[in-house]
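Please look over the sequence and the structure first, then read the points below.

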Amino acid sequence: MRAQLSHHPPPTHTRRPRGPTLPAHRLPELPGRVAVPGQSRGTPGAPGTLGHFNTAPDADAEATLLTCLHSLRWAVRVARHRPYPDLPSLLAACDEAAYDLTPAELSAALAAETLPPLPADAYSAAHTALDAAHAAYEAKFGHAFVICLDGVPPAEGLDRVLEGIRSRLANDPEEERVVAAEELRRLAGERLTKALTGPADLAIGHHTAGHGW
């Protein structure tokens, strides 16, 4: 394996405990953005496996990484340190590289977050509540709300998003930027795990950007 990424400690703050992560969900009339990801389920041996990622052309590996976190420098750095012996090593490298994002790169990554639709059976009040909560969040912080809901049952996802937005509205901009960066790193890891363990339509070079609720 090529030289390991140098360790870059996180900014001088206490990392928040790992907890729930979501992909963004677009509401039909929602003017802003909210980022909320799907659970990682997959079929071992599918084309998007770690082995395939390790041997794919640089451009294909970078394209897959960009669907997980929209930073070209991050994607290039992670791709060029292949091969990785296992998925945890790859995810650790992704996490380390994400700590090097500049403020401008973080802003660009947040701006690139897309919002899949809410489930078809979502009640109309959910659209109104999420619209209002996100509008307040984006008005204060100027970027999309991102949260990782790993391990949260789908039925509880919307409530967790609303709770997260309302809670984080109490942060000052600098505090929230730190929280958003951590959630984005976690979200990238969830997306990459899904890409490398999911079905064939998530194969390297053909990764779909959408996320289920």
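## Overall layout

Among the contacts in the protein chain with a separation of 6 or more, 78% are between residues 24 or more positions apart; contact means heavy atoms within 4.5 Å. The model is predicted: local features need pLDDT of at least 70, side-chain atom pairs count only at pLDDT 80 or more, and totals for chains, interfaces and linings use all residues. Residues are numbered from 1 along each chain as its sequence is written, and side-chain values use heavy atoms, with hydrogens and water left out.

- The protein chain has 8 helices and 3 strands; helices (H or I, at least four residues) and strands (E, at least two) are DSSP runs, numbered from the N terminus.
- Along the sequence, these elements of the protein chain follow the pattern β-β-α-α-α-α-α-α-β-α-α.
- The protein chain has 213 residues, and 46% of them are buried; buried means under 20% relative accessible area, exposed over 50% and partly exposed in between, with a 1.4 Å probe and protein chains only.

**Helix α3 and its cover**

- The buried residues of α3 are W74, A75, V76, R77, V78 and A79.
- The cover over these buried residues of α3 includes α2, α4 (87–98) and α8 (173–197).

**Helix α2 against helix α3**

- Helix α2 (residues 58–66) packs with helix α3 (residues 72–80) at an angle of about 130°, and their axes are 9 Å apart. Because of that angle, α2 is oblique to α3. Axes are lines fitted to C-alpha atoms, for helices over the stretch in contact, and angles run from 0 to 180 degrees between N-to-C directions. Angles under 35 degrees count as roughly parallel, over 145 as roughly antiparallel, 65 to 115 as roughly perpendicular and the rest as oblique.
- The crossing in which α2 passes α3 is right-handed; a crossing is right-handed if the near helix is turned clockwise from the far one by less than a right angle, and left-handed if anticlockwise.
- On the α2 side, A61, E62, L65 and L66 take part, and they meet L72, W74, A75, V76, V78, A79 and R80 in α3.
- By class, the contact of α2 with α3 has 9 nonpolar, no polar and 2 charged residues. Ala, Val, Leu, Ile, Met, Phe, Trp, Tyr, Cys and Pro count as nonpolar, Asp, Glu, Lys and Arg as charged, and the others, Gly among them, as polar.

**Helix α3 against helix α4**

- The axes of α3 and α4 cross at roughly 145° and come within 10 Å.
- This crossing of α3 and α4 is right-handed.
- W74, R77 and V78 of α3 make the contact with L90, A93, C94, E96, A97 and A98 of α4.
- The contact of α3 with α4 has 7 nonpolar, no polar and 2 charged residues by class.

**The loop between α3 and α4**

- R82 lies in the loop between α3 and α4, and P83 is in this loop too.
- A cis peptide bond joins R82 and P83, with omega at about 5°.
- R82 counts as buried because its relative accessibility is 4%.
- R82 and D58 are 24 residues apart along the chain, and their C-alpha atoms are separated by 9.5 Å.

**Helix α5**

- E105 lies in helix α5 (residues 103–111). With a relative accessible area of 19%, E105 is buried.
- Leaving aside neighbours within four places in sequence, E105 is in contact with S71, R73 and D100.
- P103 is also placed in helix α5. At 57% relative accessibility, P103 counts as exposed.

**Aromatic residues**

- The structure holds 2 aromatic pairs. Rings of Phe, Tyr and Trp (its six-membered ring) pair if their centres lie within 6.5 Å; planes under 30 degrees apart count as stacked, over 60 as edge-to-face and the rest as tilted.
- The ring centres of Y137 and F141 are 4.8 Å apart and the planes are at 55°, so this pair is tilted.
- Y137 and F141 are separated by about one helical turn because they are 4 residues apart in helix α6 (residues 124–141). Both Y137 and F141 are buried.
- Y137 and F145 form an edge-to-face aromatic pair, at 5.1 Å centre to centre and 85° between the planes. Both Y137 and F145 are buried.
- One aromatic cluster is formed by Y137, F141 and F145.
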